[in-house]
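I opened the notebook to log what I looked up in this model. Entries follow in the order I made them.

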Amino acid sequence: MAVAAATATLSSSSSLPFHSLHQRFPSKYFIVRPITLSLSEKIPTRTTVTQSSELTKLPIRKIPGDYGLPLIGPWKDRQDYFYNQGKEEFFRSRVQKYKSTVFKTNMPPGNFISSNPNVVVLLDGKSFPILFDVSKVEKKDLFTGTFMPSTELTGGYRVLSYLDPSEPNHEKLKKLLFFLLSSRRDYIIPQFHESYTELFETLEKEMEKNGKADLNSANDQAAFNFLAGSLYGANPGETQLGTDGPTLIGKWVLFQLHPLVTLGLPKVLDDFLLHNFRLPPALVKKDYQRLYDFFYESSTAVLNEAETFGISREEACHNLLFATCFNSFGGMKIFFPNMLKWIAKAGLELHTRLANEIRSAVKSAGGKITMLAMEKMPLMKSVVYEALRIDPPVASQYGRAKRDLMIESHDAVFEVKKGELLFGYQPFATKDPKIFDRPDEFVPDRFVGEEGEKLLKHVLWSNGPETESPTVENKQCAGKDFVVLVSRLFVTEVFLRYDTLDVDVGTSPLGAKITITSLKRA
């Protein structure tokens with residue numbers, strides 16, 4: 001759902017493509033009504049600055065900003081990003097300073113971990129989509145940005161998320177994920193119901209005992225159990241892994257993403273430990289091996305299929321582990337609490353509308369949650385899209401210019417040189433006031449109706465527009481529609497069971513920390 005900001009949890013490689021895959025892998029679950037919309041405006045490729053200026057009628061502007069002195073500039077920007085200002089103010093203050101949503105700066109971690117922290121930042125909905133155009137930008141080794149974690153953390157392999165579509169293994173590995181998701185499609189809805197019913201029962205017992213309940217830890221266990229059961233037919237509790245999966249994943253992900261997060265330690269200590277050198281992969285080698293053994297033993301059918309694609313069983317297993325634990329589990333870990341935060345804050349009126357719509361549609365479907373029933377829940381679907389818009393689980397996207405490019409914002413045209421690294425902070429692009437009304441507000445029914453659906457091309461969480469589908473030729477999240485499906489299932493299950501809820505919202509290194517303070521059963 002990962003780097004997702006600090007995550008990357010779901011991004012460019014783990015998903016369930018409803019539309020494109022339905023033709024290849026027919027299923028009663030994956031007959032959906034596609035939304036047909038025009039694509040976001042593409043910037044024409046121009047050979048000269050003069051041509052671009054004449055055709056767009058926008059002024060040509062030199063990219064503002066600078067990188068500062070070597071060592072000092074990256075260090076200063078890192079202090080502002082993590083400690084002095086924080087992410088949002090870091091970008092907002094520079095937009096105000098340069099009077100531009102396109103500018104130069106340095107991105108963490110900087111010195112000693114990243115060989116070159118210099119980026120061109122894109123913060124509006126018009127310039128941002130160039131990051132998805134693989135004819136113009138290269139995506140090789142850019143999943144986590146200006147640095148790449150050691151391959152010792154992934155069995156010595158560069159996994160799919162770090163591959164550019166031009167690399168031969170990209171097509172093979174993405175097809176393997178498509179196969180996995182399609183072959184297990186019939187298990188997704190029933191397994192989700194089973195795993196999240198257990199979660200609700202756990203929360204209710206904790207509420208009875210303590211008067212409140214921690215959503216995050218219970219959600220982590222439910223998400224892992226769901227993924228293991230739905231995608232691999234495995235029950236972790238009946239294996240040597242037991243209930244340790246989420247904890248092992250958390251440690252493993254920290255060793256990959258520590259240069260991009262802060263843990264709330266005293267500033268000097270936090271910065272020194274996390275942002276100046278790589279934590280030794282050997283410290284999580286045994287933990288990773290336990291995860292690898294579980295996936296190797298549970299994925300025999302998928303590994304057999306991998307060999308027919310020309311992928312070794314070992315490489316396939318490391319990719320399955322990454323796609324499941326980093327991308328999919330990471331996405332559910334981050335996004336479900338974030339989404340519930342917005343829903344809970346919206347209050348009783350929204351809760352009542354959701355409960356009525358969801359229960360009516362499920363009743364009409366014979367009392368069962370089905371794909372068709374969820375297609376008849378326009379408010380529920382809009383709520384999920386709105387949460388993905390306002391709080392995308394993967395906040396950062398990168399791409400390296402393959403050639404000299406002209407990039408347009410709403411206000412100007414900028415020339416980017418071949419080899420420059422482009423960086424987009426998505427929460428600014430998807431809250432662009434020139435695209436969305438009330439962009440900083442959670443508007444539950446924003447995407448309802450024909451006019452609402454037209455805005456879906458500006459929902460970009462999946463490393464591509466919501467109106468497009470993942471293919472082997474692009475870097476859109478292979479599990480794009482899988483994430484949407486499980487998010488819809490989460491909201492549906494919540495409001496089939498409860499009339500309303502209240503929560504307290506805190507923070508964690510990877511999203512919102514949710515404490516449930518009230519649950520009213522239906």
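**Entry: a pair in the parallel sense.** I started at V120 and looked for its bridge partner in β10, which is L422. I then checked the strands themselves. β4 and strand β10, residues 421-425, pair in the parallel sense over three bridges. I note here that I am working on a predicted model.

**Entry: the other partner.** I turned to strand β3, residues 102-106. Five bridges join β3 to β4, and the two run antiparallel. I looked up F103 and found it opposite V121 in β4.

**Entry: buried or exposed?** I checked the residues of strand β4, 118-122, for burial. Four of the five are buried, so β4 is largely enclosed by the rest of the structure. The cut-off I used for buried is under 20% relative accessible area.

**Entry: the whole chain.** I wanted the overall figures next. I count 18 helices and 12 strands in the protein chain. The chain has 522 residues, and 60% of them count as buried. I have its accessible surface at about 21,100 Å². Carbon and sulfur atoms account for 53% of that surface.

**Entry: the nonpolar core.** Which residues have the most contacts inside the largest nonpolar core? I found Y196, W252 and L354. That core has 115 residues. Helix α12, residues 313-346, supplies the largest share of the core, with 17 residues.

**Entry: around W252.** I listed what W252 touches, not counting residues up to four places away in sequence. L153 and T154 are on the list, as is Y288. L321, F322, C325 and F326 complete the contacts of W252.

**Entry: an open sheet.** I moved on to a sheet of three strands. Its order is β6-β12-β11, it is open, and the pairing is antiparallel. Why is one side of β6 and of β11 left without a neighbour in the sheet? β6 (213-214) and β11 (498-508) stand at the edges and each has a single partner strand, so one side of each lacks a neighbour there.

**Entry: β6 against β12.** I checked the pairing of β6 with strand β12, residues 511-521. Two bridges hold the pair, in the antiparallel sense. D214 stands opposite T515 in β12.

**Entry: the helix on the sheet.** Which strands does helix α18 touch? Helix α18, residues 480-497, packs on the sheet and touches β11 and β12. I read the angle between the directions of α18 and β11 as about 130°.

Terms used:
Residues are numbered from 1 along each chain as its sequence is written. This is a predicted model: local features need pLDDT of at least 70, side-chain atom pairs count only at pLDDT 80 or more; totals for chains, interfaces and linings use all residues. Side-chain values use heavy atoms; hydrogens and water are left out. Two strands pair if DSSP finds at least two bridges between them. Contact means heavy atoms within 4.5 Å. Axes are lines fitted to C-alpha atoms, for helices over the stretch in contact, and angles run from 0 to 180 degrees between N-to-C directions. Buried means under 20% relative accessible area, exposed over 50%, partly exposed in between (1.4 Å probe, protein chains only). Accessible areas come from the Shrake-Rupley method with a 1.4 Å probe; for residues, only the protein chains shown count as cover. A nonpolar core is a set of buried Ala, Val, Leu, Ile, Met, Phe, Trp, Tyr and Cys residues joined through side-chain atoms within 4.5 Å.
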